[in-house]
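Here are some short notes for a colleague opening this model for the first time. Please read them with the structure at hand.

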Amino acid sequence: MAECVPNRKLIAELMEKEEKRLEQETPKSYELYQRASKHMPMGVASTYHARDPYPVYFTHGRGPHIWSVEGREIVDFHNGYGCMVQGHAHPLIVEAIQKRAPLGTQFGLPTEDAIIMAEHLAGAFKLPQWRFVNSGSEATMDAIRVARAFTGRETIVKMFGSYHGHHDYVMVSIGALDYGRIGPRDDYASLPYGGGIPQSSIDLTVPVPFNDIENMTRRIERMVEEGNPPACVIMEPAMMNLGVVLPEPGFLEDVRALTKKHGIVLIFDEVKVGICTARGGAAERWGVVPDMVTLGKAIAGGTPCGAIGGTEEIMAKVNDGTVFQVGTYSGNPLSMAAARASFEQVMTDEAYAHLNALNDRIIAKCDAVCQKYDFPGYTVGISSKGCVNFALGKITDYESFIKEQDADLVALAWLYNINRGLIIAPGREEEWTLSVTHTDADVDLFVGAFEDLVRDVTA
């Protein structure tokens, strides 16, 4: 790793300069923000859309590009946090929706496309039983309920720093505003992520470190000894909201063995990993098959959809009516048509080969920039997903992320990108998502903006 230390004063000056540039180029967005703020908190439909001092608003997208209300054409490396790995308005997905819409958009009754999608997912993810929902949050919420019914237990275990949706039980230990409150690695604190979360929900959620099977084992086996074994471990096989944190060799296999030993349901949250990195997710990429898997985001080409897969034994709790897994819009005909078109026609072997080649290109070129300027950073990526870690040391979990990642550079990188005609995911994620419609030229634009940033902060 490089050993140079970025100049804090220079970074602050560049931040101010780039922010002023953005504000000068987004007057219509500011006008919309003032209008939106009268009836929408923060002027947006979701807190994750918000930005200080105001967000940039967009009108439409096509392929790898989106357009702001100012009319600026921007290369999209954000892609809806991974929803749009197919690219915007993909012709095959648009055609599927156009054919489905005149036949009826919602019945609250079953249709054949849901059956076909369940068959596809069963083959890809090596789990035989599936249910559909409308988002990744719904998928993780229902999966936890099924796991609790199956085991007769209530406590759940998650990785500190992982995000699994916005329901109470997983809005715990996603981050720590006061880092000192996190606690020792074998006894992490359960901390609410924002207000409105009942203490009872917080107490039933136990965080453990990612990529640390020893301390994870200590915590779980202590729970077992105390007569409080967990119902499930819910985890991303690769953490995707701290940039990208890959599992260390053997970690997923060790977690699989640990959960089997204690009769704990292992849930892989593949809302960001599944489809985006392999058609069969972790089972295909790492060869580890969990008891349950949750999908969302990329599954249905930008339409609202999520899915829950499980073993015959576990999903029997839904099949026999023990668990009421329900939803008026579950298996919505439009989403199922889009999902089927995506799975069968868009996310093909050739598409993944293209994504892998693009990701190899962006990683190699960004790493070369870091070496050229002796810059403290390195890349991590798999298939459509990747990031630059602005760090001297390796990031393997939440603790190392907090200690190593340079948050100021992450924020500055977002500004550099948007001001140079591209956009990435905001905040601490600093993560790119490629689409099947991106080209080498798009990647080179990203690398060019990155080199501008590195050159300027090391000047």
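1. Helices and strands here are DSSP runs, numbered from the N terminus; a helix needs at least four residues and a strand at least two. The model is predicted.

2. Start with the cis peptide bond. It runs from D52 to P53, with omega near 10°. P53 sits in the loop between helix 2 (27-36) and strand 1 (58-62).

3. Two residues other than glycine have positive phi. For N79, phi is near 55°. N79 belongs to helix 3 (residues 79-82). Its relative accessibility is 0%, so N79 counts as buried. D374 also has a positive phi, about 55°. D374 lies in the loop between helix 13 and strand 11 (378-382). With a relative accessible area of 42%, D374 is partly exposed.

4. Now look inside. The largest nonpolar core holds 111 residues, and L121, M216, M235 and F450 have the most contacts inside it. Helix 13 (residues 349-372) gives the largest share of this core, nine residues. A second, separate core has 18 residues, including A143, V146, I156 and I308.

5. M216 deserves a look. Beyond its neighbours within four places in sequence, M216 is in contact with M159, V208, P209, V233, F251, V255 and L258.

6. Helix 12 (residues 333-346) reaches 19 Å from first C-alpha to last, close to the 20 Å expected. It is mostly covered, with 10 of its 14 residues buried. Among them are P333, M336, F343 and V346. The buried residues pack against helix 4 (91-100), helix 5 (112-125), strand 4 (129-133) and helix 13. At the start of helix 12, a side-chain oxygen of N332 comes within 3.0 Å of the backbone nitrogen of L334.

Notes: Residues numbered from 1 in each chain as written. Predicted model: local features only at pLDDT ≥ 70, side-chain atom pairs only at ≥ 80, totals over all residues. Heavy atoms only, no water. Core = buried A, V, L, I, M, F, W, Y, C linked by side-chain atoms within 4.5 Å. Buried < 20%, exposed > 50% of the residue type's maximum accessible area, 1.4 Å probe, protein only. Contact = heavy atoms within 4.5 Å. Expected span 1.5 Å × (residues − 1). Polar contact = N/O pair within 3.5 Å; in protein donor to acceptor, adjacent residues only side chain to side chain.
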